[in-house]
Amino acid sequence: MERIAWLNGDFVPLAEAKVSAQDRGFLFADGIYEFTAVLDGKLIDSQAHLARFERSAAGLDLTLPISTTEIEAAQRELIARNRLDQGGVYFQLTGGPAERDFLAPSTDPTLFMFTQAGDVLDRPTAKTGIAIKTIADPRWARRDIKSIMLLGQVLAKREAAAAGAQEAWLVDGEGFVTEGASSSALIVTAEGTLVTRPNSQAILPGCTRKAVLMIAERDGVKVEERLFTVDEALRASEAILTSASNFVLPVVMIDGQSIGDGKPGPITRRLRELYIEAARAE
């Protein structure tokens with residue numbers, strides 16, 4: 001079946017969706033994006049992703065051409081038209097076409113949305129865990145804006161893949177983990193405390209992470225939002241990544257060293273189970 005996309009108000013075949021070569025997203029990476037997971041044909045954590053989309057737009061002085069309510073309605077129609085059961089919806093806003101000028105105003109923004117199928121529920125890595133490679137964080141300072149400028153993440157993921165790892169955890173100049181290249185980073189201490197870095201301009205405020213922290217506290221897990229080093233992560237009993245595309249995944253190895261007993265831990269398994277349960281209830 002031909003995939004259908006949404007571009008500036010119109011549903012079009014994805015292969016026919018065209019953007020100007022002078023779009024500021026292409027020329028300057030002047031744009032933002034979001035990804036909302038889809039499970040059983042339904043959007044997951046949609047309001048959190050739409051709210052972050054608005055915050056990111058404000059951070060780049062971009063104006064949404066339609067309301068977030070209308071964006072969500074278009075996404076639901078995309079899901080229906082593409083008969084999507086599992087996967088997600090990407091939506092991206094740029095400054096739109098303009099003469100190449102750093103200070104050109106964003107008067108006609110480009111809003112683009114498309115679906116991507118994928119098994120978000122029964123991933124083998126949820127049972128086996130994944131390996132992480134730590135890398136010096138190469139990105140710009142405003143990481144709280146979900147920018148389409150992803151070259152730093154691309155380079156980090158390439159380096160991680162070359163080392164046999166499935167994700168990179170980025171590390172600041174003082175040795176503290178910021179976040180994953182496309183995920184949030186969490187660890188579980190020997191005492192059973194779930195630790196993750198607090199929100200700031202240094203990290204993207206993860207929507208899935210936010211939901212998981214709330215679920216953890218409701219389930220009786222102690223949560224601490226504070227900095228943690230690579231060394232502390234290596235000594236942790238469990239390590240976890242969260243993201244919209246992966247939900248909750250166990251990290252069983254960091255820089256070639258096993259975490260805990262080298263297997264997905266009980267808190268990680270429990271949080272994944274509870275998150276999926278809550279997502280389906282939503």
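Asp-137, Arg-139, Arg-143 and Glu-179 are joined in a network of salt bridges. Please keep in mind that this is a predicted model.

Arg-280 counts as partly exposed because its relative accessibility is 45%. Asp-40, at 35%, is also partly exposed.

Also in helix α8 are Arg-270 and Glu-273, three residues apart, about one turn of the helix. Their closest N and O atoms are 3.7 Å apart in a salt bridge. Arg-270 is partly exposed at 35% relative accessibility, and Glu-273 is partly exposed at 47%.

In helix α3, residues 68-81, Arg-76 and Glu-72 sit four residues apart, again about one turn. Their side chains form a salt bridge at 3.4 Å, N to O. Which of the two categories applies to Glu-72, buried or exposed? With a relative accessible area of 14%, Glu-72 is buried, while Arg-76 is partly exposed at 43%.

Now the largest pocket. Its volume is about 900 Å³. It is lined by 48 residues, and the closest to its centre are Tyr-33, Lys-146, Ala-181, Ser-182 and Ser-183. Elements giving two or more residues to the lining include β3, α2, β9 and α6. Helix α5 gives the most, with five residues. By type, the lining has 19 nonpolar, 19 polar and ten charged residues.

Notes. Residues are numbered from 1 along each chain as its sequence is written. This is a predicted model: local features need pLDDT of at least 70, side-chain atom pairs count only at pLDDT 80 or more; totals for chains, interfaces and linings use all residues. Side-chain values use heavy atoms; hydrogens and water are left out. On a 1 Å grid over the protein atoms alone, a cavity is a set of points where a 1.4 Å probe fits but cannot get out, and a pocket is an open set with protein on both sides within 12 Å along at least five of seven lines; lining residues have an atom within 4 Å of a point. Grid points are joined across faces, edges and corners, and a volume is the space filled by probe spheres set on the points. Ala, Val, Leu, Ile, Met, Phe, Trp, Tyr, Cys and Pro count as nonpolar, Asp, Glu, Lys and Arg as charged, and the others, Gly among them, as polar. Buried means under 20% relative accessible area, exposed over 50%, partly exposed in between (1.4 Å probe, protein chains only). A salt bridge is a side-chain nitrogen of Lys or Arg within 4 Å of a carboxyl oxygen of Asp or Glu.
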